[in-house]
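Visitor: Before we start, please show me the sequence and the model. I will then ask what lies behind the labels.

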Amino acid sequence: MKQNCIKCKNFDQIFICDGCQQSFCNEHINEHHEELSRQMNDINKDYHHFKEDLNNQEIIQSYLSRIDLWERESIKKIQETTEKARNDLLKMFDRMKNQLKSTCDKINYDIQSKQESKNYSEINLNKWIEQLEQLRHIYKTSFQDDIIDDKQLSIRLIKIIDKNQSFSIEEFHTNTHEKFKKTAGEITLSQDHLTATCSGKNWNGSNISGNSLYSFGIHSIRFRITKQGKNNPFFGITSFAKELNPWNRKTPFAYGWWKFPLNTNEEENIKNPTIQTDDEVTLTLDCINSQIQFEHHRTKQSVYQSIEHEQCPFPWKIAIVLYSPGDAVSIIS
Ligand SMILES: [Zn+2]
Ligand SMILES: [Zn+2]
């Protein structure tokens with residue numbers, strides 16, 4: 001079949017664009033290249049704007065305000081506490097001073113009157129000496145015990161919780177909050193969308209895809225086989241752009257595993273090597289290295305598969321086929 005330019009329907013000198021697979025005549029392929037170069041400039045500009053946005057502290061502004069507020073309130077609290085402690089101490093000192101002074105005054109009065117009447121003996125002198133010593137002792141020991149209680153917790157200190165989170169796309173490896181979303185065939189989803197059950201009596205192509213789309217980083221999703229009938233479920237991915245066809249057991253446009261590929265040696269060494277009810281498996285979508293990994297936790301087996309971008313372009317989504325009626329799979333993290 002001869003192709004024509006999608007712009008002018010011309011048949012002469014047809015070029016096919018590598019990117020979009022559309023055909024263009026000589027004139028329109030140039031126009032198409034110009035359009036791509038315009039888009040490239042726009043993308044460049046967007047990156048430039050984004051880098052400028054990075055200087056904007058707005059996203060931490062509310063934290064900065066809270067730190068400032070804490071500083072002001074804490075300084076106020078410290079100043080009030082200092083003021084009160086200083087006043088209380090001076091009041092206590094005055095009380096001690098006044099009490100000792102008034103005792104002194106009484107004794108002085110006694111001494112003076114005895115002096116004037118010349119009516120005193122060693123007994124009086126000894127008594128006054130002893131009383132003065134007692135007063136000196138009271139004065140010296142009145143602040144001997146520590147009177148500052150510094151175990152009061154009236155100020156809570158603050159600090160920033162730095163979880164050492166990586167902000168780099170390359171190191172972005174997290175458990176996503178994946179949920180089941182679109183289903184085909186007779187599938188029942190739990191209310192929280194974390195468990196999918198094949199509910200039909202006869203299998204009718206039941207499959208489920210995930211809520212999240214993946215284009216960057218590395219993501220792991222852990223599943224539990226809540227119940228498994230006589231056939232293995234399929235675990236893998238499809239491109240967002242292409243639908244899974246579960247009727248085809250070779251699953252074109254889907255990448256993943258119907259069963260764990262084990263060689264005969266391993267099958268002898270591992271007890272129950274196939275996936276069974278209550279087993280846990282992890283599907284890892286590695287967008288950086290364009291591969292997916294499937295891990296069977298009970299048998300500690302892992303398999304990898306490379307993904308071709310032409311066949312399965314980003315974004316990816318998880319795809320599960322439940323082959324036996326009654327099969328159920330849950331997302332656990
Ligand atoms: Zn193109
Ligand atoms: Zn044309």
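This is a predicted model: local features need pLDDT of at least 70, side-chain atom pairs count only at pLDDT 80 or more; totals for chains, interfaces and linings use all residues.

Visitor: What coordinates the zinc ion (ligand 2)?

Guide: Its donors are Cys5 (SG), Cys8 (SG), Cys25 (SG) and His28 (ND1), at 2.0 to 2.3 Å. A donor has to lie within 2.8 Å of the metal, and these atoms do. Along the chain the donors follow the spacing C-x2-C-x16-C-x2-H.

Visitor: Why is the arrangement around the zinc ion (ligand 2) called tetrahedral?

Guide: The four donor atoms subtend angles of 98 to 118 degrees. The rule asks that all angles lie between 85 and 135 degrees, so the arrangement counts as tetrahedral. For reference, the ideal angle for four tetrahedral donors is 109.5 degrees.

Visitor: What makes Cys8 and His28 a tie between parts of the chain?

Guide: Cys8 is in the segment before strand 1 (15-16), whereas His28 belongs to helix 1 (residues 26-53), so the pair links parts that are 20 residues apart in sequence.

Visitor: Which residues have the most contacts inside the largest nonpolar core?

Guide: They are Phe180, Phe223, Leu285, Phe294 and Trp316, in a core of 30 residues. Elements that give two or more residues to this core include strand 8 (218-227), strand 11 (280-286) and strand 12 (291-296). A second, separate core has five residues, among them Met96, Leu100, Trp128 and Leu135.

Visitor: How do you know that strand 11 is mostly covered?

Guide: Seven of its seven residues are buried. Glu280, Thr282, Thr284 and Asp286 point one way, while Val281, Leu283 and Leu285 point the other way.

Visitor: What makes strand 11 a partner of strand 8 and of strand 12?

Guide: Pairing needs at least two bridges. Strand 8 and strand 11 are joined by seven and run antiparallel; strand 11 and strand 12 are joined by six, also antiparallel. Leu285 stands opposite His219, and its bridge partner in strand 12 is Ile292. In the hairpin of strand 11 and strand 12, Ser290 takes a positive phi near 50 degrees.

Visitor: Why is the contact of Glu280 and Arg222 called a salt bridge?

Guide: The nitrogen must be within 4 Å of the carboxyl oxygen, and here the N to O distance is 2.7 Å. Glu280 is in strand 11 and Arg222 in strand 8, so the pair ties together parts 58 residues apart in sequence. Glu280 is buried at 17%, whereas Arg222 is partly exposed at 28%.

Visitor: What separates Lys114 and Asp110 in helix 2 (residues 61-117)?

Guide: They are four residues apart, which means about one helical turn. Their side chains meet in a salt bridge at 3.0 Å, N to O. Salt bridges that share partners join Asp110, Lys114 and Lys127 into one network.

Visitor: How many salt bridges does the rule give?

Guide: The count comes to ten. Another of them joins Lys151 and Asp150, at 3.4 Å; Lys151 is exposed at 67%, and Asp150 is exposed at 60%.

Technical notes. Residues are numbered from 1 along each chain as its sequence is written. Chains are lettered from A and ligands numbered from 1 in the order in which they are written. Side-chain values use heavy atoms; hydrogens and water are left out. Donors are N, O and S atoms within 2.8 Å of the metal (3.2 Å for Na, K and Ca); water is not among the atoms, so sites may look incomplete. Four donors count as tetrahedral if all angles lie between 85 and 135 degrees; four count as square planar and six as octahedral if opposite donors are over 155 degrees apart and all others between 65 and 115; anything else is irregular. A nonpolar core is a set of buried Ala, Val, Leu, Ile, Met, Phe, Trp, Tyr and Cys residues joined through side-chain atoms within 4.5 Å. Buried means under 20% relative accessible area, exposed over 50%, partly exposed in between (1.4 Å probe, protein chains only).
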